[in-house]
Amino acid sequence: MSEPPEPVPAPDAAPTALPDPAGASVADLLARDAAHHSGLWAPRHAFVRGEGVTLIDADGRRYLDLMAGIAVASLGHAHPRLAAAVAQQAQRLITAPQNQANDVRTAMLERLFELAPAPLERAFLSNSGSEANEAALKWARAATGRSTFVATRRGFSGRTLGVLPLTWNAAYREPFEPLGYAGRFVRYGDVGELDAAMDDDVAAIVVEPVQGEGGIHPADPAFLQAARRAADAHGALLIFDEVQAGAGRTGTFLAHEAAGVPADVATMAKGLGGGVPIGATLMSADVAAAMPAGGHGTTFGGNPLAAAAALVVLEELAGGLMDHVREVGAHLRARLDALAADEPRIREVRGVGLMLGIEFKEKVAPLLAALEGRGVLAINAGATVVRMVPPLILTRDDADRAVDALAGALADTAPDA
Ligand SMILES: *Cc1c(COP(=O)(O)O)cnc(C)c1O
């Protein structure tokens, strides 16, 4: 017997348990937070709202957000279409596991594979970058029957135990050794080292087309081509970790498209859901078919709420946002290059699209603090690189404000200031 559903109140009219964003100060929230967080961090900010490229803290202070939750808030904060899609989907259906079909997830996947390059045509959906990479490794093991992985120095594959062996930074890895296996690391860009690391035990080569955590290093296309050749020569797969660089951030849907090198597997997460957690392991049909039935799974992965958010992100990307990224990214890059040209403290400006790094000859923590003092939030990538991974909706004016603030922060921290 089926009854017509009760009418659902509009999302902003329904009473909720959410606290009033003006109900506590930054100091209150930091003190209360300190009692229960894991102890991994020492938070200094308490944000309660966002609007576009702006983050607003509990005291009402506004910041230009060049960090975007580390390349996550691709459409900026409180994007009207994304917020509406999530609210509507919450009123329809939040959960539906991947062993059932769902209208929103299917629409999202169709959109995704209109954008993703061949031969990628199947996806396993999860909830984070680490999970997307773990799934990639399992599929590579299933497809090759091998368990050795070649990764790159400075590379970052995530922090869970399954991918930690492929994360280069010893500070992340060594406290947790022994790990389940050891990655073979080669110098990023060094074709000779890559070829020397290859043999017929290798299941896959794992490469970020633009290294993110490692300091914003775009790959030389010749290195990605060499990785393709080396994988093919040894019957191994090529996995591009696009968790940070993918989803339009570099001005193409996936960063490896620029090099014209096909992947067997590409992983996505950070920007794909615009802030709603989602991970995706994109695969060729051959790779997908290698996993035995029931060989992998997830409870939450690909749920309709996350799929609704990703669908909006994908529609925006397909609707001109990637052209915008190329245009504004080139403007921001030109302004940073001009700043670097007469600033001896800057060693180099690197990056693609709106994934940019400014390497200094000094540690950047004081500069980042000075930037915050000027109302701009950025993040480091290693000790000496200021990373800019803003919302993809950043305008030229926002980019100008960012560079002006960086010039101001340089003056604030000048040795003779
Ligand atoms: C952030 C990141 C990961 C890990 O993603 P999580 O969602 O934090 O697990 C993996 N690879 C790259 C390139 C990343 O930038």
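Thanks, everyone; the protein chain in this predicted model has a secondary structure that comes to twelve helices and 17 strands. Its radius of gyration is 22 Å, close to the 22 Å that the globule rule gives for 417 residues, so the chain is as compact as a globular protein of that length. Taken along the principal axes, the box that the C-alpha atoms fill is roughly 75 × 55 × 45 Å. Buried residues make up 51% of the 417 residues, and of the contacts between residues at least 6 apart in sequence, 71% join residues at least 24 apart.

Strand 1, residues 47-51, runs antiparallel to strand 2 and is joined to it by four bridges, and Phe47 has Asp57 of strand 2 as its bridge partner. The hairpin that these two strands make has two residues between the strands, and Gly52 in this hairpin takes a positive phi near 60°. On its way to strand 3, residues 62-65, strand 2 is again antiparallel, this time with three bridges, and Leu55 is paired with Tyr63 as its bridge partner in strand 3. This second hairpin has four residues between its strands, and Gly60 in the turn has a positive phi of about 90°.

In a regular strand the side chains alternate between the two faces of the sheet. Which residues of strand 2 are buried on each side? Thr54 and Ile56 on one side, and Leu55 and Asp57 on the other, are all buried, so that both faces of the strand are covered, with buried meaning under 20% relative accessible area.

Finally, the backbone. Most residues other than glycine have a negative phi, and most peptide bonds are trans. Against that background, a cis peptide bond joins Ala118 and Pro119, with omega about 5°, and Pro119 is found in the loop between helix 4 and strand 4. The bond from Glu177 to Pro178 is also cis, omega being near 5°, and Pro178 sits in the loop between helix 6 and strand 6.

Arg154 lies in the loop between strand 5 and helix 6 and, at 30% relative accessibility, counts as partly exposed. Ile216, in the loop between strand 8 and strand 9, counts as buried, at 0% relative accessibility.

Technical notes: Residues are numbered from 1 along each chain as its sequence is written. This is a predicted model: local features need pLDDT of at least 70, side-chain atom pairs count only at pLDDT 80 or more; totals for chains, interfaces and linings use all residues. Side-chain values use heavy atoms; hydrogens and water are left out. The radius of gyration is taken over C-alpha atoms; the globule rule is 2.2 Å times the number of residues to the power 0.38. Buried means under 20% relative accessible area, exposed over 50%, partly exposed in between (1.4 Å probe, protein chains only). Contact means heavy atoms within 4.5 Å. Two strands pair if DSSP finds at least two bridges between them.
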